[in-house]
Amino acid sequence: LNLADLHYRINYGLSLAYRKLYSAEIDPYGLVINQFYEQNYGIGVPFSYPFNRFYRLEWMPLAQSYQKQYTAGAGKTVKNSSTGIQVSLVEDKTVWNTDEPIAGMSNVLTGVRSERWLGATNRYTNLVFENKSYVPFTREIVFASHLVGATSLDTDRGHYIAGGDVLFLGS
């Protein structure tokens, strides 16, 4: 849900997220070490202020919960929650067709600070840089590149994994 206040040029909305995943940890020989199920859900209230056509500042107070339950092996349940603020500086010069990018680039620098507010269990600072570039070769072929770098600091820092069924995952 997104709304825009055209008088003050501020976009705002409500963001709800939910994900459920069943997975397994497999050793190099193909044997299942652990089976587990993950459940994530969260809420955020995004705001966006455009400086001009290409640059904008985004910020979002957020709260999220994470639960991982092992069904084999250790048989334990891990629960975490976090509350905090996310701030992003966005440069977006992407040219879009009706539903896909066809040229241009975008850069996003994001900082997330989570504190142990309102019963949350995690405290961390995440810094993420993301670059997307699109170079048209022909009218129907576009070369796309996506570069992501991140670091996580503080007591409950996350570990980032690139690849797989999601491009970039922090835990």
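1. Let me start with a charged pair: Glu115 and Arg113 are joined through their side chains by a salt bridge, with 2.5 Å from N to O. The term stands for a side-chain nitrogen of Lys or Arg within 4 Å of a carboxyl oxygen of Asp or Glu. Arg113 is partly exposed, its relative accessible area being 23%; that class lies between buried (under 20%) and exposed (over 50%), using a 1.4 Å probe and protein chains only.

2. A word on what you are looking at. This is a predicted model, in which local features need pLDDT of at least 70 and side-chain atom pairs count only at pLDDT 80 or more, while totals for chains, interfaces and linings use all residues. Residues are numbered from 1 along each chain as its sequence is written, and side-chain values use heavy atoms, with hydrogens and water left out.

3. On the fold, the protein chain has zero helices and 13 strands. Both are DSSP runs numbered from the N terminus: helices are H or I with at least four residues, strands are E with at least two. Buried residues account for 23% of the 171 residues in the chain. Of the contacts (heavy atoms within 4.5 Å) between residues at least 6 apart in sequence, 44% link residues at least 24 apart.

4. Back to the charges, where the count is five salt bridges. In one of them, Glu58 pairs with Arg56, with the closest N and O atoms 2.7 Å apart. Glu58 is partly exposed at 27% relative accessibility, and Arg56 is partly exposed at 26%. Lys132 and Glu130 form another salt bridge, their closest N and O atoms being 4.0 Å apart. Shared partners also tie Arg113, Glu115 and Arg123 into one network of salt bridges.

5. Glu91 deserves a look. Its place is in strand E7, residues 77-92, and it is buried at a relative accessible area of 16%. Its side chain has a polar contact of 3.0 Å with that of Tyr55 and another, at 3.4 Å, with the side chain of Lys93. A polar contact here is a pair of N or O atoms within 3.5 Å; within protein, one must be able to donate a hydrogen and the other to accept it, and residues adjacent in sequence count only if both atoms are side-chain atoms. Beyond its neighbours within four places in sequence, Glu91 contacts residues including Phe54, Met105 and Asn107.

6. Strand E7 also holds Ser81, a buried residue with a relative accessible area of 19%. Leaving out residues up to four places away in sequence, Ser81 touches Gln64, Ser65, Gly119, Ala120, Thr121 and Asn122.
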